[in-house]
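My notes follow in the order of the look-ups.

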Amino acid sequence: MSGVTDFLTSFLPGFLLALAVIAASAVVFPFLMRRVWGFMCDRLGPNRVGPQGLLQPFADGLKLFVKEDVTPSQAHKYLFLIAPAVALITPMLTQVVIPFSDNYTIANLNIGLIYLVAVGAFSVLGILIAGWASNNKYSLVGGLRAAAQMISYEIPLILNIVLVALLTGSLSLNMIVGAQETVWFGVVQPLAFIIYIIAGVAELNRTPFDLPEAESELVSGYNTEYGGMRFAFFAALIEWGNVTVWAMAGSTLFLGGWRGPLFNSPLWLAVKVGIITLVIIWFFSTFPRLQIDQLMSFAWKVLIPLSLLNVAVTSGFILLWPENFFLPTAIFSWSSIALFIILFPSVIRKVLLRNRLRLLATRKMTTVISGTGKGGIRS
Amino acid sequence: MTSDYTYSYLAVVAMSLLDIVFVVGILGVSRLVQRRHIYPEKLTPYECGIPPVGDSRAPFAVRYYIFALLFVIFDVEAVFLFPWALVFRTLGGTGFVEMMIFFAVLLVGLIYAWGKGALEWV
């Protein structure tokens, strides 16, 4: 038996499928974003190339493909080259464990959830390598910010993925989809789903958490030095591939994956991914960018304690009612969301006011002491 | 075939290798069709058009290290949590109490860091 050819014939379709998902997301979503964002801002968006501007992403891709590929003389040559490949590992490899239908997964690992978290961490590495290897101050600061933000928001993300494992008692994504036959986990545990969305948006560096790419201060953040096809890798394939794969994981964990009303098919997965992506685009055109201190304290002071509490309470419910813990969990989760919505605005207003007053007081003091109100360079 | 244990992991390894081949290959093909005109100024680090000032490997804020340290603690916790979540139903009350003690230790650590001002950015 020729094992190698056997392996290749069964593996290559999966590889091509993964590539197709990434490529499709890199073509569809940037265009969709610009167009929907345009409509949300009451303008047209790109509508010149082809009918309704549908050929715009291809025009962009072709343009970037024939652009000159420059490696800055001071950049670390090999790391600069390898950074897009390392960052592309995340969207390529995470979808390996996502079930597309009841009998098709590219590689059905029985530790799917841990694998999802572990491979998901590669995107931080890619961005950090890109930022450091470029040897540019904007890139370095952008890479560091991305690293700080992504590792901070990874913890609530992981805690809520653990919650799904707790509800199912399995790490296999097929089993998780199977467990959502009667009711989606997004309905049982909406708190976990919302934290997953918020932490994911931060993890993907999208608005309102797009500080690593804050174009008004950092040009383009970690990919400032990248041009031509390498920029296309970062801006289209990696960013939107990550969004797609994160939305795929989210819909598998919380929205029942390929299961849907009337019929079960991979089409439902695509629909759910599209809806989650539209929500991100909606965020993009709605929210202004956060300050970095607000960003970090939101992760560490709100999301992490809340996720820990959620895991503790849900495990308690599973212990108390091993058979039907869905109802108490859902009651707890929905009521805590309601409580959060009622309490959060007044609490955050008080906290922000206190911080502002404290900052003002220290600024007055430094002005008195040193004669200037300005600090050093802060990143 | 897809449920085969070794196959799954081999597929993951092959996927990561093919990923690098894909990126380098596309960049290589793009290199063949592009027009190249390189001069020294084009290769300097981008700093909004002015000549670059100082070293780019500049020191950066110590905050990043503190958050990285905190992250390591919580990431280790995540490593504990996954197997616990998996066998939670067989462990029963003991597992619950043990994990709550672990959570309490973690929360004390978080509150300590909070009180010390490690979570303040500026």
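**Fold of chain A**

I began with secondary structure and found 14 helices and 0 strands in chain A. I note that the model is predicted. Reading along the sequence, I wrote down the pattern α-α-α-α-α-α-α-α-α-α-α-α-α-α for chain A.

For the extents, I took the box along the principal axes: the C-alpha atoms of chain A fill roughly 75 × 55 × 45 Å. I then checked burial and found that 48% of the 379 residues of chain A count as buried. I also looked at contacts in chain A with a separation of 6 or more, and 76% of these come from residues 24 or more positions apart.

**Contact with chain B**

How many residues of chain A are in contact with chain B? I got 65 residues of chain A, in contact with 58 residues of chain B. I listed the helices of chain A that each supply at least two residues to the side touching chain B: helix 1 (3-40), helix 3 (77-94), helix 4 (112-120), helix 6 (137-168), helix 11 (228-254) and helix 13 (292-320). Helix 13 of chain A gives the most to this side, with 12 residues. Last, I sorted the residues on the side of chain A that touches chain B and recorded 40 nonpolar, 16 polar and 9 charged.

Methods. Residues numbered from 1 in each chain as written. Chains lettered and ligands numbered in written order. Predicted model: local features only at pLDDT ≥ 70, side-chain atom pairs only at ≥ 80, totals over all residues. Contact = placed C-beta atoms within 7 Å. Helix = DSSP H or I, 4+ residues; strand = E, 2+ residues; numbered from the N terminus. Nonpolar A, V, L, I, M, F, W, Y, C, P; charged D, E, K, R; others polar. Buried ≥ 20, exposed ≤ 12 C-beta atoms within 10 Å, placed from the backbone.
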